[in-house]
Amino acid sequence: MNGKIKKVAAIHDLSGFGRSSLTAIIPTLSTMGVQVCPLPTAILSNHTGGFESCSYIDLTDSMTEYIDAWKKNKLSFDCIYSGFLGSTKQIEIVSDFIDYFGNQKNLIVIDPVMGDNGVLYRSFTSEIILKMKTFIRKADIITPNFTEAAFLLGMDTPPEKISDENARDWLLKLSNMGPKMVVITSVPDMAKEQYTNVLAYDRENNIFWKVGCRYIPASYPGTGDTFTSVVIGSLLQGDSLPVALDRATQFISQCIKASYGFNYPKREGVLLEKELGILNMPVLISGYEML
């Protein structure tokens, strides 16, 4: 054994309060035996969902100097994981980062954070969508939610539901934009009223996947960041895509179930600390199927 630990360059914002972005990503991947190397895009006093005010420090001007130091130190990463980017300028900086640090051996994962629940986040304009369409060409894997997938496909708003046939069409069109693998989260199930799905396409093997779970009527910030983190950790451990998706879906579902019964503000995120140990337990793989 050479003691090598996988390293992930995590390009996200850091919120001081509320379990989201880096405060969710770091403990999740660390629990899975992966070293997280953060590249902060912004520092927030708290995330922007459910709070009256927020202090926001834009780190765009310092990102290039930060990255230059990594270059001088000849650092390398097993995965580059890009999440919240607050401007088109930041997308350009991270695009250059991927060009420099990306290679045939490491994994490039882009979560095109732009909106949710049918709407674009308040800080963004349609310009961010156009830029993101170009940016995702560099990814091996993208993990948009249902709303973000619709935006990338040129829709003003997502439909309420889509059929399996339409889902395959969405996945193919997104993959044709560049990514080898496409994962769409929070997709309402067409047939089961109380279910939501994770849909995926692996272009190299030409296989579509679906992982379903029962919908719990509660919204917690940071679950998308945590979901993608578990997928990355699972893939870096050698799991296949469908197993990684199933593992991530099971973990998020358990986190939400464990949190839902407690009377505390949902804006604080899921009770991640109570459930992290599950990530080191054997996983019962049973939820994925071919789409």
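Two strands are taken to pair if DSSP finds at least two bridges between them, and the strands (E, at least two residues) and helices (H or I, at least four) are themselves DSSP runs, numbered from the N terminus. The model is predicted, so that local features need pLDDT of at least 70 and side-chain atom pairs count only at pLDDT 80 or more, whereas totals for chains, interfaces and linings use all residues. Residues are numbered from 1 along each chain as its sequence is written, and side-chain values use heavy atoms, with hydrogens and water left out.

**View A. An open sheet of 10 strands with mixed pairing.** The strands follow the order S3-S2-S1-S4-S5-S8-S9-S10-S11-S12. Strand S3 (56-58) and strand S12 (288-290) form the edges, and because each has a single partner strand, one side of each lacks a neighbour in the sheet. Helix H3 packs on the sheet, touching strand S1 (7-15), strand S2 (35-44), S3, strand S4 (79-82) and S5, and its direction makes about 170° with that of S4 (axes are lines fitted to C-alpha atoms, for helices over the stretch in contact, with angles from 0 to 180 degrees between N-to-C directions).

**View B. Strand pairing from S5 through S8 and S9 to S10.** Strand S5 (residues 107-110) runs parallel to S8, to which two bridges join it, and valine 109 stands opposite isoleucine 141 in S8. Two bridges also join S8 to S9, again in parallel, with isoleucine 141 opposite methionine 181 in S9. S9 and S10, by contrast, pair in the antiparallel sense over six bridges, and valine 183 of this pairing faces alanine 200 in S10.

**View C. The buried face of helix H6 (residues 164-175).** Ala167, Trp170, Leu171, Leu174 and Ser175 are buried in H6, where buried means under 20% relative accessible area, exposed over 50% and partly exposed in between (1.4 Å probe, protein chains only). Seen down the axis of H6, these buried residues fall within an arc of 125°, so they line one face of the helix. They pack against strand S8 (141-142), helix H5 (146-152), strand S9 (181-188), strand S10 (195-202) and strand S11 (207-214), contact meaning heavy atoms within 4.5 Å.

View D. With a relative accessible area of 2%, leucine 152 is buried. Neighbours within four places in sequence left aside, leucine 152 is in contact with Pro112, Met114, Met132, Lys133, Ile136, Pro144, Leu174 and Met177. Valine 113 is 39 residues away from leucine 152 in sequence and 11 Å away in space, C-alpha to C-alpha.

**View E. Two residues with positive phi, serine 21 and asparagine 206.** Most residues other than glycine have a negative phi. Serine 21, in the loop between S1 and helix H1 (22-31), has a phi of about 45° and is buried, its relative accessible area being 2%. Asparagine 206, in the loop between S10 and S11, has a phi of about 50° but counts as exposed, at 51% relative accessibility.

Conventions: Expected span 1.5 Å × (residues − 1). Arc of directions from axis to C-beta.
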